[in-house]
Amino acid sequence: MSQIEPEPLNPISVAWNTVASYASYEEAQAAVDRLSDEHFPVENIDIIGSDLRLVEHVTGRLTKGRAAAAGAASGAWFGLLVGLLVGMFTPGPAWLGLILGGVLIGAVWGAVFGFVGHAATGGRRDFSSTRSLVASTYDVIARGGHADRARAILQQPAGTPPVQ
């Protein structure tokens with residue numbers, strides 16, 4: 001007589017249980033913070049963003065002058081770093097000259113590279129922007145059989161005694 005084997009469990013459905021879904025990351029983070037305040041084992045919690053989108057926020061027009069200025073600023077920071085590193089091994093007041101020289105040389109080279117780099121694009125990207133990934137929903141997931149307790153904590157009004 002053959003024995004019928006049970007269907008194998010899906011490890012993802014066993015391991016992950018959605019506790020709650022939120023429209024923003026900040027709301028999901030606040031929920032996990034509340035769980036932590038109630039002494040819930042938050043090492044069993046994940047925040048998972050779904051339906052990711054790339055959002056590019058245009059911050060302004062980018063001209064050759066602005067590209068050179070941005071390059072000069074980043075080059076000056078790099079020059080300051082190099083000047084400080086070299087200045088640490090230089091005795092006496094000469095270290096100040098090394099730092100100032102590093103900043104000036106870095107700013108000049110940064111401006112040149114910024115200008116040439118922008119000119120090389122041929123006007124294909126004449127704007128500056130910032131990019132970020134955002135999700136449509138953020139799910140708070142509990143692993144290891146802790147989902148029911150987490151749901152109970154989050155469903156209680158704030159300030160009530162914790163669920164045992």
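Asp 51 is exposed, at a relative accessible area of 57%, where exposed stands for over 50%, buried for under 20% and partly exposed for what lies in between, with a 1.4 Å probe and protein chains only. Asp 51 belongs to strand β2, and its phi is near 55 degrees, a positive value in a residue other than glycine. Most residues other than glycine have a negative phi. His 39 also has a positive value, with phi near 65 degrees; His 39 sits in the loop between α2 (25–37) and β2 (45–61) and counts as exposed at 69% relative accessibility. Helices (H or I, at least four residues) and strands (E, at least two) are DSSP runs, numbered from the N terminus.

The model is predicted, so that local features need pLDDT of at least 70 and side-chain atom pairs count only at pLDDT 80 or more, while totals for chains, interfaces and linings use all residues. Residues are numbered from 1 along each chain as its sequence is written, and side-chain values use heavy atoms, with hydrogens and water left out.

Turning to the helix packing, two packed helices are described by the angle between their axes and the distance between the axes. Here axes are lines fitted to C-alpha atoms, for helices over the stretch in contact, and angles run from 0 to 180 degrees between N-to-C directions. Helix α3 (residues 64–87) packs against helix α4 (residues 94–120) at an angle of about 150 degrees, with the axes 5 Å apart, and the two are therefore roughly antiparallel. In this classification angles over 145 degrees are roughly antiparallel, under 35 roughly parallel, 65 to 115 roughly perpendicular and the rest oblique.

The axes of α2 and helix α5 (residues 147–155), by contrast, come within 10 Å and cross at roughly 100 degrees, so α2 and α5 are roughly perpendicular to each other. Ala 31, Arg 34 and Leu 35 of α2 make this contact with Ala 150, Ile 153 and Leu 154 of α5, contact meaning heavy atoms within 4.5 Å.

Back in helix α4 lies His 118, which is buried, with a relative accessible area of 9%. Leaving aside its neighbours within four places in sequence, His 118 is in contact with Leu 62, Thr 63, Lys 64, Ala 67, Arg 125 and Asp 126. For Leu 62, the side chain of His 118 reaches the backbone oxygen at 3.4 Å.

Key: Polar contact = N/O pair within 3.5 Å; in protein donor to acceptor, adjacent residues only side chain to side chain.
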